[in-house]
Every structure is written in C-alpha cells, then in structure tokens.
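Please keep the sequence and the model in view while reading.

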Amino acid sequence: MKKENLILLADAYKYAHHKFYYLGTTNIYSYLESRGGMFNETVFFGLQYFLKEYLQGPAFNQVDLDEADEFLKQVFGRDDVFDCSKFQYILDKYNGYLPVRIKAVAEGTSVPTGNVLMTIENTDPECYWLTNFLETLLMQVWYPCTVATLSHEVKKVVTQYYEETATPEAFGGIGFVLNDFGFRGVSSVESAKIGGAAHLLSFAGSDNLAGSGMAIKYYHAEKVYGLSIPATEHSICTLLGQEGELEVFKHVLRSFPTGVIACVSDSFNIFRACSEYWGEDLKEEILKRDGTLVIRPDSGDPVMTLLEIFKILFDKFGFTTNAKGYKVLPPQVRVIQGDGVNYTEIGVIYKALKENGISAENLVLGMGGALLQKVDRDTQKFALKCSSAVINGKEVAVEKSPAEMDANGNITTSFKKSKGGRLKLVKTTEGYKTFHHDEQPELADQLQTVFENGHIIKDFTFEQVINTLQNQ
C-alpha cells in the first residue's frame with residue numbers, strides 16, 4: 001500500500017518558510033517539550049511509530065513531488081510559494097532519504113514537564129528549512145505520549161488503593177484493572193493503534209486489538225499484550241425482552257461454563273438483575289463455576305450505582321474480610337465499571353469504596369473515549385520550538401519570551417517562553433533536568449540519536465519500553 005505523500009503532510013504556511021528564513025541560514029535546531037498540563041510528568045512514547053511509518057528510507061519519490069507541485073499551486077493560487085527544487089535536491093542527492101538528525105529520550109521514560117524530550121536538526125546546510133517543516137507530523141507524538149501518561153497516572157491511583165485495601169493475590173492483579181474500550185470512540189484506526197499501544201505500557205486489559213498489532217509491527221513485541229475475555233453487549237441481553245432477561249443470563253453462563261466472562265446487566269434494572277437473577281436464581285450455578293462472572297453496570301451515577309450493587313452482592317453472595325479489613329466478594333463474582341470512567345472519577349470511585357469498607361479488588365474498569373479521545377495537545381501542553389540556528393557561519397541561540405497580562409493588569413512572562421541554545425537532558429540526583437549542551441559535562445546526555453539521514457539508528461522493542469517505564 002502506498003504511503004501518504006510526505007511532502008503534503010505539513011501545515012500550508014510551512015511551504016513559504018524557505019524564503020522567510022534569514023539569508024545565510026544553514027542550520028535549524030528545534031526541540032520538543034511538554035510544558036506542563038494535567039500531570040507533572042510525561043511518558044515519552046510513540047516516536048518510533050512516526051519514524052518508521054513516515055520518515056525512514058526514501059520518504060518520498062518523484063511521483064509524490066510532481067503531485068505536490070500541482071496540488072500546492074492550487075492551494076496558494078500562485079507558483080512562487082512552493083519550491084519543488086528544495087525537495088528535488090533531496091531526491092537527487094539522497095534518493096529521498098531525509099537529511100535530518102533526531103535525538104530523543106528513551107521511549108518509556110517518564111520525564112518531569114518543562115524538559116526537552118526530543119531534538120531535530122538538518123544535517124545538510126541546504127536543508128535548513130526541513131527541520132521545522134517536519135514539525136506538523138512529528139508534533140503528533142503528543143498523542144501516544146499523552147495516552148501513555150494518562151494510563152500510567154491511572155495505574156498510580158489504582159496502585160494506591162490496592163496497597164491500602166487489597167491483598168497481593170487480588171483478582172487478576174493491577175495489570176487488568178483498567179481495560180481499553182476506546183477503539184470505537186477514536187477518530188481513526190491510526191489513533192486506535194497508537195493510543196492502544198500506549199495504554200499497554202501500563203495495563204494488559206484491552207478490547208482494542210489495534211494497539212497490540214501496533215506494538216508487534218512497530219516495536220517488535222514478542223507477544224500480544226492486550227488481553228480480553230468473553231463479554232456480552234446489550235444486543236445480546238435485550239434479545240428476549242425484559243421478561244426473557246433471566247433466560248439470556250442462563251445462556252450466557254452456560255456458553256462459557258469455565259473461565260472469566262462479563263455480562264452487561266443494566267438493560268432493564270441492574271439492581272433487580274443483581275438481587276434476583278444473579279443473586280438468587282443463578283447464585284448456586286455461579287458459585288459452582290470454575291471461573292468468575294464479572295457483572296457490568298453501564299448507566300447511572302457510577303459511585304451511587306456501584307455502592308448499591310456491592311451492597312446487594314455482599315448480601316446475596318456473602319463476603320470475606322481481607323487482611324487489611326476490607327470486604328471481598330467470593331472469587332466467582334466481580335464488577336466492572338465501564339460507563340462515565342475518567343481519571344478524576346476513578347479516584348472518586350475507589351475513595352468511595354474504601355470509605356464503605358469495600359476492597360479495590362472487587363472492581364475493574366473499562367475506559368473508552370476518556371482514555372483515547374478526550375485528550376489533546378494541551379493536556380500536557382506540547383510544543384516544538386527552534387532553540388538554535390547557524391546564520392552566516394555563526395551559531396545563535398533562538399528563543400521566544402512572550403509578554404502577557406495577568407488578571408491584575410500586570411505584564412508578566414508567558415508560560416510559553418521557550419528555551420534557547422542546543423540542549424541536553426541529564427539525570428541528576430534530583431531527577432531529569434535540561435541544560436545547555438556544554439553545561440554539566442560530567443553528566444551524560446539522556447537524549448540519544450534515534451534517526452539520522454533517513455535511517456532508524458535506535459530501534460526500541462516493546463519490552464524495553466515497558467521495562468523503562470516500570471523500573472523508574
């Protein structure tokens with residue numbers, strides 16, 4: 001299948017920049033950072049996908065260039081904006097291999113916001129314009145980084161409540177608490193792939209097959225990391241109407257007499273389903289199963305609904321009290337909440353369970369759009385800015401420092417102030433910090449060359465990325 005035409009994968013205003021750069025410019029050096037946002041640290045992940053999918057090898061050919069030339073003449077209504085000779089030079093001299101060098105922190109690294117994560121510069125002085133031409137595409141790394149960060153931060157919350165209320169042998173383990181239900185809620189299959197793989201750095205539960213496929217294809221994953229179970233949907237549980245719901249539940253149990261299965265149970269009345277159907281009519285069959293039934297509510301206020309469901313289930317199925325003093329359902333019964341789940345609500349839910357003496361191990365979660373779609377570039381405030389240039393043979397530091405007015409009418413410096421000079425990321429006793437490249441010479445630069453002149457230099461495996469994230 002033909003790749004996208006790389007020459008057309010940029011914002012339109014970029015195509016005039018070869019003229020706008022000051023005469024004598026031969027090098028543009030830019031850096032990527034997460035300037036702040038929802039979380040204090042950002043997990044770096046996903047660059048390798050973009051390098052392999054769009055930049056490595058001959059990134060474009062003559063057909064692409066001819067197509068772009070005609071297309072862009074129509075975009076601008078003039079023929080002096082896009083200069084096809086700039087790309088023809090790369091095609092003729094490098095066979096379409098891009099003369100740029102990209103350095104980045106190891107994928108899976110969680111770095112405090114406000115630090116350099118990646119740098120890019122041209123390696124041919126004729127291609128000074130190419131560095132920031134690639135910004136549009138490379139900036140999209142914000143997405144897998146943000147999803148990986150969100151999933152990682154959810155794991156911190158879950159771990160906290162497991163440590164406080166659950167036992168080590170808790171059902172399934174923390175790795176299966178948050179399940180990716182987001183495939184249908186994203187804007188594209190590509191988003192499902194990238195975001196799904198990012199989630200798998202922290203959790204194994206996923207109905208998003210595309211994420212596992214991406215990890216295998218682009219990160220050499222040794223196995224399928226996203227795991228799932230048989231589960232129903234409303235089209236199954238409403239098939240016989242309200243009066244036939246119990247019959248459907250019986251069929252569900254008998255379709256998979258062993259193992260873990262999940263059944264959506266709010267089609268008509270979740271409380272009746274728990275108290276009468278699951279808790280009485282099918283109770284003995286459930287408790288005799290070699291496996292677990294996971295009951296799924298899918299509507300209503302999550303906290304109030306869950307507390308009532310657990311009250312019913314504890315009454316019907318009984319419970320034990322674990323070593324930490326919290327109630328635990330029999331191993332044959334658990335609950336999954338997949339509606340209205342987001343980062344904030346997860347903390348609220350587990351806090352409510354704890355306050356009511358309920359162990360976190362009774363509940364697992366499904367997260368869809370809030371995991372893969374309700375994030376944007378400003379969730380972690382990503383930016384890619386030029387910080388150094390060579391003009392007429394002289395290296396100059398480049399930065400911006402916008403002024404803005406606060407609520408009291410005082411002029412202050414914006415958080416969008418950028419860094420100047422060539423940068424490095426070092427690991428100190430206090431954590432990761434960004435320095436000018438010639439500062440702290442005794443500390444190794446954590447940015448390593450991952451791409452140079454069209455070639456992948458550092459090829460991460462999915463296992464390496466997971467280990468980097470888990471061992472920090």
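Is Gly-369 buried, partly exposed or exposed? Gly-369 counts as partly exposed because its relative accessible area is 28%, where buried means under 20%, exposed over 50% and partly exposed in between (1.4 Å probe, protein chains only). The model is predicted: local features need pLDDT of at least 70, side-chain atom pairs count only at pLDDT 80 or more, and totals for chains, interfaces and linings use all residues. Residues are numbered from 1 along each chain as its sequence is written, and side-chain values use heavy atoms, without hydrogens and water.

Gly-369 belongs to helix α16 (residues 369-372); helices (H or I, at least four residues) and strands (E, at least two) are DSSP runs, numbered from the N terminus. Asp-339, by contrast, sits in the loop that links β11 (333-337) to α15 (343-355). With 26% relative accessibility, Asp-339 is also partly exposed. Leaving out residues up to four places away in sequence, Asp-339 is in contact (heavy atoms within 4.5 Å) with Asp-298, Ser-299, Gly-300 and Pro-302.

The sheet comes next. Five strands form an open sheet in the order β6-β12-β11-β8-β7, with parallel pairing; two strands pair if DSSP finds at least two bridges between them. At its edges are β6 (178-180) and β7 (261-264), each pairing on one side only. Between β6 and β12 (residues 363-367) there are 3 bridges in the parallel sense, and Asp-180 faces Met-367 of β12.

Helix α14 (residues 302-317) lies across β8 (293-296), β11 and β12, at about 170° to β11. Such angles run from 0 to 180 degrees between N-to-C directions, with axes fitted as lines to C-alpha atoms, for helices over the stretch in contact. Helix α15 lies across β6, β11 and β12, at about 165° to β12.
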